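Me: I am new to reading protein models. Could you walk me through a couple of features, step by step?

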Amino acid sequence: MSTTGQIIRCKAAVAWEAGKPLVMEEVEVAPPKKHEVRIKILFTSLCHTDVYFWEAKGQTPLFPRIFGHEAGGIVESVGGGVTDLQPGDHVLPIFTGECGDCPHCHSEESNMCDLLRINTERGGMIHDGESRFSINGKPIHHFLGTSTFSEYTVVHSSQVAKINPDAPLDKVCIVSCGLSTGLGATLNVAKPKKGQSVAIFGLGAVGLAAAEGARIAGASRIIGVDLNSQRFDQAKEFGVTEFVNPRDHDKPVQQVIAEMTNGGVDRSVECTGSVQAMIQAFECVHDGWGVAVLVGVPSKDDAFKTHPMNFLNERTLKGTFFGNYKPKTDIPGVVEKYMNKELELEKFITHTVPFSEINKAFDYMLKGESIRCIITMGA
Ligand code: NAD
Ligand code: ZN
């Protein structure tokens, strides 16, 4: 029986309050409106950005909310005006959009779409500002326009990448955020030259994907920096060659890295969300040519402080969302890299849980045990 045009009742993991375990609820998911699609989510995973906004410590709280933005699924139905997607398409919802029509979408340099760039404070759909989720008539807020911790979700069609239907969604779902973010931060933004040295701050999925980018680019040394030394063994599999735990040193980590590298690394990529690490990642690059790229999502009141001389000495600081990839144009190609065995995804996936045990994925991340935990929706 077709569900097109009907409300769908399904399970969703709802965050009612900051920092409290998600609660499995039956929600009503409205049909997609103009330029929207409704997606049956098959696999989702947990990214640290979900955890920050769920904790809402340094972020604006917005509850009740359905989190989740790293996922894979199948289009169930499409709203008016959607021409590039149809029911049955295999898709990755993406937290940032590509309308195809704004100055950013026309620019080769930017993925900051004017219509649908990442907006962590928006709890409804841009068409009417309203939510497509409700429980007994009470609306539940969306998160990043994706809300993938639900068996069905409604997403703007500009935030949906159509991918090869042969790609296993339980693996390529991680391409929808963490993998592409880290990989692109190195390959598209830091752009190390063959033989250069790269420091990666934070060895979670995003940082390890950044390391993977450094390996693909032919970096000679990949220095991993993390406060959690348990990350170091795992990171060797990702080509990280040397390790620094700032807690093991009396001197600032910038100085430790400068001493290891004869003045600084050629490139650094920060994937922690800690403003201290962002400053360290900038100050540890070599003068004259060093480039640092910020990827971690900071707290609301953070401020980046460094001496201007660090810039005059010809260091460059950049930042990026989603590794500068354009969701629709570029992401199908990243999936193809996996299909062609140029990219390994399996090694990022350390845990799997059924949807009913989604809170375990939060525990694994908070304890620093998981790289990525895949949440299986049907289970
Ligand atoms: P994660 O929790 O799996 O990994 C973060 C790692 O950083 C951990 O191993 C932790 O021990 C380490 N760390 C924390 N503070 C540190 C410090 N001061 N110095 C060194 N290491 C430190 O998280 P993740 O899912 O890999 O995400 C990493 C960051 O990237 C988060 O801030 C997340 O919000 C952000 N993110 C950004 C984008 C983007 O488009 N810019 C997309 C996805 C995720
Ligand atoms: Zn656009």
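**A metal site and a sheet**

Reply: Gladly! Keep in mind that this is a predicted model. Let us begin with the metal: the donors of the zinc ion (ligand 2) are spaced as C-x2-C-x2-C-x7-C along the chain.

Me: Which atoms coordinate the zinc ion (ligand 2)?

Reply: Look for the SG atoms of Cys99, Cys102, Cys105 and Cys113, which coordinate the zinc ion at 2.3 to 2.4 Å.

Me: Why is the arrangement around the zinc ion called tetrahedral?

Reply: Four donors count as tetrahedral if all angles lie between 85 and 135 degrees. Here the 4 donor atoms subtend angles of 101 to 123 degrees, so the arrangement is tetrahedral.

Me: Is cysteine 102 buried or exposed? And what about cysteine 105?

Reply: Buried means under 20% relative accessible area. Cysteine 102 has 7% relative accessibility, so it counts as buried. Cysteine 105, at 14%, counts as buried too.

Me: Now the sheet, please. How do strands pair?

Reply: In general, strands of a sheet pair through backbone hydrogen bonds, either parallel or antiparallel. In this structure, an open sheet of 6 strands runs in the order β12-β11-β10-β13-β14-β15, with parallel pairing. Its edge strands, β12 (242-244) and β15 (316-319), each pair on one side only. From one strand to the next, the twist averages 20 degrees.

Terms used: Residues numbered from 1 in each chain as written. Chains lettered and ligands numbered in written order. Predicted model: local features only at pLDDT ≥ 70, side-chain atom pairs only at ≥ 80, totals over all residues. Heavy atoms only, no water. Donors = N, O, S within 2.8 Å, 3.2 Å for Na, K, Ca; no water. Tetrahedral: all angles 85-135°; square planar, octahedral: opposite > 155°, others 65-115°. Buried < 20%, exposed > 50% of the residue type's maximum accessible area, 1.4 Å probe, protein only. Pairing = 2+ DSSP bridges. Helix = DSSP H or I, 4+ residues; strand = E, 2+ residues; numbered from the N terminus. Axes fitted to C-alpha atoms, helices over the stretch in contact; angles between N-to-C directions.
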